[in-house]
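Me: I have a model open and some terms to check. Could you tell me, term by term, what the labels rest on?

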Amino acid sequence: MRTFIDDPQLVSAQAVNIDRERGRVLVSNVDYGTADRSRKDAPFKVAGVGSYDLETGKQNWCVDLTALTLDGKQHLISDVTVAPDGTAYAVDELTPTVFRIDPEGNASVFLRDDLLQGTLDIPDFLDDVGMAAVEYVAGDQLIIAMADGSLVRVPVRHPEDAQKVRLSTPLASPTAGMRLLADGSVTAVSSGLLTGKPAQIQHVNPGGGWKTATVTVTDTVTDPVTSDVTDGPGRTTYALSGGLADLLAGKPNDGFTLTPVKTG
């Protein structure tokens, strides 16, 4: 294991998206107030996305998304997805804002909608936690997972028509991450952060162009504080635990755990 990216502009990395078609890695820039580069007196004031060469780790660009809002609010870019044309979409967990970033790093506000406002509170840490994960799916749409277990469908060409997906049952909360599967369905993982129970791996099978979806539990992860799900070799899937509990407790952590999980 070796350091691949060491960019002074990055405070903490949360979302990581490998865009092989364009030979880059997209990384969200966040600040929980606990990292070596943090502003300890002003957490959650950093929000951005960086693009790095997939072979060398060299920065292509690193965009500051707070410069687009200038609202003085707390921000946390929880996830990033990429459309076929190379446009990246980043979701803010602490405001109801989705950002659009073109392949050259030019950013704009794509959508700001009360439907994306967070409602989940993490005691003694954060209030009104909202968008946890995002995936670009068939039909030129974004599917956004809210921390409270709901999903929102956003047509890329008409974001003003965003609406909640009608689920057979809500996702386990707090939802932590999603992965798009080869058949166009999604697997999602909860974190167990608030419940202390094993994290749930859930399969989300869409209907009617993602107007509805059926949710089933396919696996659990004993470590309750799980951060995301990611691809493995041969279409396998792994749950990722990045030491979130240590982070929130202000303890140092330089490792992670990958656990193979069933997706259906």
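Me: What makes β3 and strand β4 a pair?
Reply: Two strands pair if DSSP finds at least two bridges between them. Five bridges join β3 to strand β4 (residues 59–64), and the two run antiparallel. A strand here is a DSSP run of E with at least two residues, and a helix is a run of H or I with at least four; both are numbered from the N terminus. Within this pairing, G50 stands opposite C62 in β4. Five residues lie between the strands of the hairpin, where G57 takes a positive phi near 80°.

Me: What do the numbers apply to, and what kind of model is this?
Reply: This is a predicted model, in which local features need pLDDT of at least 70 and side-chain atom pairs count only at pLDDT 80 or more, while totals for chains, interfaces and linings use all residues. Residues are numbered from 1 along each chain as its sequence is written, and side-chain values use heavy atoms, with hydrogens and water left out.

Me: Why is the pair of F44 and F125 called edge-to-face?
Reply: Rings of Phe, Tyr and Trp (its six-membered ring) pair if their centres lie within 6.5 Å; planes under 30 degrees apart count as stacked, over 60 as edge-to-face and the rest as tilted. By this rule there are four aromatic pairs. The centres of the F44 and F125 rings are 5.9 Å apart and the planes stand at 70°, so this pair is edge-to-face. F44 is in the loop between β2 (24–30) and β3 (47–53), and F125 in the loop between β9 (120–122) and β10 (126–129), so the pair ties together parts 81 residues apart in sequence. Y32, F44 and F125 form one aromatic cluster.

Me: How do you know whether F44 is buried or exposed?
Reply: Buried means under 20% relative accessible area, exposed over 50%, and partly exposed in between (1.4 Å probe, protein chains only). F44 has 3% relative accessibility, so F44 counts as buried. F125, with a relative accessible area of 30%, is partly exposed.

Me: What makes Y89 and F110 an edge-to-face pair?
Reply: Their ring centres are 5.1 Å apart and their planes are at 70°, so the pair is edge-to-face. Y89 sits in strand β6 (residues 88–92) and F110 in strand β8 (residues 107–112), 21 residues apart, and the pair links distant parts of the chain. Y89 is buried at 3%, and F110 is buried at 9%.

Me: How do you know that Q141 and R153 make a polar contact?
Reply: A polar contact is a pair of N or O atoms within 3.5 Å; within protein, one must be able to donate a hydrogen and the other to accept it, and residues adjacent in sequence count only if both atoms are side-chain atoms. The side chains of Q141 and R153 are joined by such a contact at 2.9 Å. A polar atom of the Q141 side chain also lies 3.1 Å from the backbone oxygen of A138. Q141 lies in strand β12 (residues 141–146) and is buried, with a relative accessible area of 6%.

Me: Why are β20 and β22 called edge strands?
Reply: The open sheet of three strands has the order β20-β21-β22, with antiparallel pairing. β20 (228–231) and β22 (257–261) each have a single partner strand, so one side of each is left without a neighbour in the sheet.
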